[in-house]
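Let's take a walk through this one together. Have the sequence and the 3D view open, and we'll go chain by chain.

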Amino acid sequence: MVEAEIDDSGEIVLRRITSVVDTGIAVNPDTVKAQIEGGLIFGLTAALYGEITIDKGRVQQSNFHDYRMMRINETPKIEVVVVKSGEAPGGIGEAGVNAGPPALRNAILAATGVALRRLPIDRKLLAAGRKA
Amino acid sequence: MHMAQTLTINGETKSFNAPPEMPLLWVLRDILGMTGTKFGCGIAQCGACTVHVDGKAVRSCVLPVSAVENRAVTTIEAVGDTPSGAKVQKAWLDLEVIQCGYCQSGQIMAAAALLAETSHPDDSDIDAAMAGNICRCGTYVRIREAIKQAANGRQS
Amino acid sequence: MSGKMRILASLVMIAIVAVALGIWIIRGPGPLDFAGGTKVALADYRAGKPAGVPAKLEKASLVERGEYLAKAADCMVCHTKPGEKEYSGGLGFKLPFGTLYSTNITPDKDTGIGNYSDQDFLDAVQRGKRHDGARLYPAMPYTSYTYMTDEDVLAVKAYLFSLPAVRAKPPENTLSFPFNQRWAMMFWSAVFNPDTRFTPDTSKSPEWNRGAYLTEALAHCGECHTPRNLGFALDNRKKFAGAITAGWRAFNISSDKATGLGNWRDEDLISYLSLGHAPGHGSASGPMGEAVDHSFSQFAPEDISSIVAYLRSVPPVPSPDLPAGTAPVAPASHKDGVTADARGKKVFAGACVSCHGWSGASPVSPMATLTGTWAVNDPAAINVAQIVLSGTRRHTPDDALSMPAFGNAYTDDEIAAVANYVTARFGTKGSKLTAKDVAELREQTAE
């Protein structure tokens, strides 16, 4: 679950993320938490900034000045709850990556009524939708 | 043009030949073989190359080596010998901050410089000092916690 | 003549006088009129040699002399699209009424100037008249180049004709009516092009005269640094008082102490022109960075000194929209000083502080120091926003200055916010840029 603030310009500020994960028997619960935290940030970075464009067969983005990463001052509090389970241990590697973007998209829908259907999030679309 | 140069790195005097405009990072890694400091972006956007110059965090990828003559350079190899560096490293291990680790020497250098200057940083201090350091694994939550733990000397 | 006819004739006379007066008022003084001394024909001037090349090139070939002069006139920057062959044209100048593309001035016969006779070339450079008789738009600064001697113009031609011919047709201009009516430029030219060669001033030193020739005829400083009048020509009543060109602010270079160059030391001016940086005054970027890289850095030292001597003599004209001086260094801690714009601070902390520091004194290079620059002290923050949008890459002797372009990954809101934060923290007065302002600046940059 993502809590976010969205202003009239389409600017998004993440406030809090809560994630509950059932991975079967958590062999190393702290690593499970770390993977979910990191995966969420990775996935939300893709949702917020991860656009790759191609011109004449070449990728236009070259470095962090034109391909942004979420930074520590954009990262909200993240709470991860690992469900106690007796099932066989499952994979945990990328679960957070997939959870972040849809949770943010649904938070935006709930806050603004704008139903985004493409990633990364288009701030202009969001701003226009919010005004409409 | 290569020139004979002398630097003080981690308290030791190092002499080498390098063009004066060569960034310090290249001197450290390619000439002196000190590969703990990492190359990330080369444009001061990610912080992986952070070292201390006279105790302050500086991006060595854009710092000409000629600019650090007669100044004290500290790298990740020796930051554990400084009081703030030792605290940071301990907190990092206690909280298992590191995932892939590539950015972490830069993160630790930035955090150690922050604590050396501000012994009890609040969240805004952490943002101001650490926002220039990117972590692709997303260890930011634990970095913040570890800095606070290092400052407060709490044991986990 | 009947009474009616007499009245009509008087009315016509009055109308002619009114138009002439109007033109005279709009046109204002010429670029060198401020000096006011006694002028002599160049051929009769014996005290020095204002035109031509510096002493070390006196004996050089025509092509070499032409190369020096072409660089001094900075032909290449406008006549080259980044990434394309030098002098092959195609750089787009975005104007409020459409885009104007520079031409191919390589000796290609079909798409360049290969068919130009000496007279054709003189007509183009000094009179704004194309080979086929059509009129050039004054984006080509022929009202400055008109002061060049025929000999120097033809040396430039010899240099251009020594270059490889490049087949490259620039895109068609997209100017709207009435600006797409080239013939109308005939009238503009008749009013605003003096079509006269440089005449030395015997009351001034030979150094000043050389500086005047270089500054006005070749380097065409006024084209960016002098405000324009109603007719889009240079308003020399406010000579060198600063203006906005191609989305960048060219600052005041008159001798005004507060907002111009009056308080710069000679060595600062020399350093800024020849290296693009002066300690405490910042670094040249944008169009001035290009002018330094391709033009001023190639000048002989005595020519730079002449320009400085000349600039010193330009009367002070204050810029009322600039503060009376630049702000001192900001506090070392992010918590002290102005921190009004939270979003701007957030962007600054992530993308900017590593090079520029919280104090504005760069931890990595004096060239990246913000303190003391007019850019951060301009309450309109034009150049701050521009450099964030498009970055800078300067060819310094030790290749030490480059800033990436952030325009593609940061929104107009974020760029406005960071510009407002930067001007508030490091300048005298914070700007109030909006996303719309930044969007407009994006539109104006030449590409």
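How many residues of domain 1 of chain C are in contact with domain 3 of chain C? Keep in mind as you look that this is a predicted model. The answer is 5 residues of domain 1, which meet 7 residues of domain 3 of chain C. On the domain 1 side, those residues split into 2 nonpolar, 2 polar and 1 charged.

Domain 1 covers residues 1-30, domain 2 takes 52-192, domain 3 runs over 218-313, and domain 4 spans 342-444. Is helix 1 of chain C well covered or hardly covered? Hardly covered: the count of buried residues among its 25 is 0. Just past the end of helix 1, C:Gly28 takes a positive phi of about 65 degrees.

Chain C also touches a neighbour. Here 14 residues of chain C are in contact with 17 residues of chain B. The chain C side of that meeting is made up of 8 nonpolar, 3 polar and 3 charged residues.

Step across to chain B, and you'll find an open sheet of 5 strands in the order 2-1-5-3-4, with mixed pairing. Strand 2 (12-18) and strand 4 (56-59) of chain B are at the edges with a single partner strand each, so one side of each has no neighbour in the sheet. From one strand to the next, the twist averages 45 degrees. Follow strand 1 of chain B (residues 3-9) and you'll see that it runs antiparallel to strand 2, with 7 bridges joining the two. Within strand 2 of chain B, B:Ala18 is the residue that stands opposite B:Met3. Then there's helix 3 of chain B (residues 104-117), which lies across strand 3 (50-53) and strand 4, at about 35 degrees to strand 3.

Last stop: chain A. It has 3 helices and 5 strands, which come along the sequence as β-β-α-β-β-β-α-α. Its C-alpha trace spans about 50 × 35 × 25 Å along the principal axes. Of the 132 residues of chain A, 37% count as buried. And among chain A contacts between residues at least 6 apart in sequence, 75% join residues at least 24 apart.

Methods: Residues numbered from 1 in each chain as written. Chains lettered and ligands numbered in written order. Predicted model: local features only at pLDDT ≥ 70, side-chain atom pairs only at ≥ 80, totals over all residues. Domains from an automatic or database assignment. Contact = placed C-beta atoms within 7 Å. Nonpolar A, V, L, I, M, F, W, Y, C, P; charged D, E, K, R; others polar. Buried ≥ 20, exposed ≤ 12 C-beta atoms within 10 Å, placed from the backbone. Helix = DSSP H or I, 4+ residues; strand = E, 2+ residues; numbered from the N terminus. Pairing = 2+ DSSP bridges. Axes fitted to C-alpha atoms, helices over the stretch in contact; angles between N-to-C directions.
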